[in-house]
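Thanks for coming, everyone. Have a look at the structure on the screen, and I will walk you through some of its parts.

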Amino acid sequence: MPNLPRSILVVGSGGREHALVAALHRSPSAPKLFCAPGNPGIAELATCEAVAADDIPGLVALAQRLKIEFVVVGPEVPLALGLVDELAKVGIPAYGPKADGARLEASKIYTKEILQKYQIPTAPAAFFSDPAAAIDYIRSRPAPIVVKADGLAAGKGVVVAQTHAEAESAVHQLLALPAQSKIENPNSKILIEDCLTGEETSILVVVSGRDYVILPTSQDHKRIGDGDTGPNTGGMGTYSPAEVVTPALLARIEREIVRPSVDAIASEGIHFVGTLFIGIMLTPDGPSVLEYNTRFGDPETQVVLPRLETDFLELLWAASKGELSRIQLKIRPEHALCVVVAARGYPNSYPKGDLIGLPNILPTSVSIFHAGTARNPAGHLVTNGGRVLGVTALAPTLRHASVDAYAVCDAIQCTSKYFRRDIGARQLRRT
């Protein structure tokens with residue numbers, strides 16, 4: 001076993017971060033784990049510190065005070081704000097890109113320009129800051145059409161417009177959208193692109209310079225309602241592996257998208273260390289890039305990491321040290337399925353503070369990842385966000401995982417709980 005860090009700080013407070021902490025907790029090296037700010041579920045595995053994920057000076061000071069040897073950054077906002085840059089200045093290694101790499105997520109226009117420059121498959125698009133020019137362009141293109149805010153928008157910056165009128169409304173809505181807290185360059189530009197059709201898949205790639213490791217495939221369910229109806233959300237559930245990505249198709253994705261993307265980023269002078277999350281549409285003409293994210297996905301992380309047999313800490317540490325080429329990824333054969341239990345009303349307005357009753361005993365195959373939870377003054381577990389919990393089951397088949405996950409979802413007591421009943425249904429119909 002290599003000389004791994006003994007004290008680790010995970011930054012963030014959602015379901016993704018709970019899954020990251022849980023995977024690090026499984027490391028044979030048994031590191032001391034901290035999380036800022038964390039949540040009640042994370043607190044069962046790590047020491048939580050009340051420092052916000054966008055408080056860059058506070059996080060650096062915390063890492064120094066705790067003598068942290070390695071920082072793993074979960075959300076996109078601290079990456080875009082330059083947390084990894086600031087940690088490097090004080091000699092603390094981290095997993096996650098510096099601000100120049102995080103710009104690939106912080107600016108959709110920047111990503112589209114790189115995709116076009118290096119001829120990586122993606123939808124035709126144009127960029128606008130003037131609403132009138134944007135609307136003229138929309139009227140020249142067929143509907144449906146996609147309108148995206150350029151900057152980070154907390155999952156609310158993409159509208160798949162079914163009509164020209166809906167797209168024109170989205171132009172005014174997104175140009176007026178406030179920027180993420182503390183991030184400069186407000187959303188004064190939008191990207192308008194043709195709407196690709198097909199099935200989506202999520203490809204998570206651990207990157208270190210020009211070296212990379214592709215993690216298990218997964219497929220997310222973005223829309224709020226069963227049958228993929230209603231507005232887009234941050235993700236209502238996912239499963240892994242996504243069998244629609246056959247070995248031959250994955251080889252094509254690596255050849256046409258993953259390797260060219262990693263090389264393109266390096267050719268732009270960016271030394272990228274972290275997760276390149278590539279959203280891909282499997283169109284009739286082949287795979288095409290929808291977007292880059294520069295961190296682990298949520299809820300994709302909740303199904304991908306439980307399937308790793310490789311020591312997760314060793315994987316991330318090797319990436320940060322430029323030693324990724326020595327890692328041989330080992331994947332468990334089981335299927336994983338995650339159902340997101342949300343607060344009714346999400347992704348619009350929803351209640352907070354509702355009591356949550358979790359089952360006293362869970363099957364060994366099921367994990368509950370906390371996302372939007374908190375403790376009330378009486379110490380009871382309550383809802384504190386739109387996506388509240390992620391229930392992940394690991395089983396020999398996807399159908400078995402689905403049965404196990406939904407049994408636990410039904411057993412959770414919460415008056416405002418809501419979840420989709422058809423996570424994984426598309427693959428289950430195929431098999």
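This is a predicted model: local features need pLDDT of at least 70, side-chain atom pairs count only at pLDDT 80 or more; totals for chains, interfaces and linings use all residues.

Residues are numbered from 1 along each chain as its sequence is written, and side-chain values use heavy atoms, with hydrogens and water left out.

Back to T373. T373 sits in strand β20, residues 373-375. Helices (H or I, at least four residues) and strands (E, at least two) are DSSP runs, numbered from the N terminus. Is T373 buried or exposed? T373 counts as buried, at 6% relative accessibility. Buried means under 20% relative accessible area, exposed over 50%, and partly exposed in between, with a 1.4 Å probe and protein chains only. Leaving out residues up to four places away in sequence, T373 touches N39, P40, I356, L381, V382, N384, V388 and L389. Contact here means heavy atoms within 4.5 Å.

L389 comes up again. H370 stands opposite L389 in β22. Strand β19 (residues 366-370) and strand β22 (residues 387-395) run antiparallel, joined by five bridges. Two strands pair if DSSP finds at least two bridges between them. Four of the five residues of β19 are buried, so β19 is largely enclosed by the rest of the structure.

Next, a sheet. Four strands form an open sheet in the order β11-β10-β16-β17, with antiparallel pairing. Which strands are at the edges? They are β11 (211-214) and β17 (286-293), each pairing on one side only. Neighbouring strands of this sheet are turned by 35° against each other on average, direction ignored. For that angle, axes are lines fitted to C-alpha atoms, for helices over the stretch in contact, and angles run from 0 to 180 degrees between N-to-C directions.

Strands β10 (residues 199-208) and β16 (residues 273-283) pair in the antiparallel sense over 10 bridges. T201 stands opposite I280 in β16. G279 is also in β16, and G279 counts as buried at 6% relative accessibility. Beyond its neighbours within four places in sequence, G279 contacts T201, S288, V289, L290 and E291.

Now the cores. A nonpolar core is a set of buried Ala, Val, Leu, Ile, Met, Phe, Trp, Tyr and Cys residues joined through side-chain atoms within 4.5 Å. The largest one has 36 residues, and V72, F296 and F312 touch the most other members. Which element gives the largest share? That is α11, with seven residues. A second, separate core of 27 residues includes I114, L249, I265 and V289.

Stay with α11 (312-320). Eight of its nine residues are buried. Among the elements covering them are β1, α1, β4, β10 and β16. At the start of α11, a side-chain oxygen of D311 reaches to within 3.1 Å of the backbone nitrogen of L313. Just after α11, G322 takes a positive phi of about 75°.

F312 touches L20, A23, L24, F296 and L305, not counting residues up to four places away in sequence. Ring pairs also link F312 with Y95 and F296 into a cluster. Rings of Phe, Tyr and Trp (its six-membered ring) pair if their centres lie within 6.5 Å; planes under 30 degrees apart count as stacked, over 60 as edge-to-face and the rest as tilted. The count comes to six aromatic pairs. In one of them, F128 and Y137 have ring centres 5.3 Å apart and planes at 45°, so the pair is tilted.

Last, some backbone details. A cis peptide bond joins A36 and P37, with omega about -5°. Another cis bond runs from Y346 to P347, with omega near 15°. K67 has a positive phi near 55° and is not a glycine. K67 lies in the loop between α2 (56-65) and β4, and is exposed, at 65% relative accessible area. D228 also has a positive phi near 55°. D228 counts as partly exposed, at 32% relative accessibility.

Terms used: A polar contact is a pair of N or O atoms within 3.5 Å; within protein, one must be able to donate a hydrogen and the other to accept it, and residues adjacent in sequence count only if both atoms are side-chain atoms.
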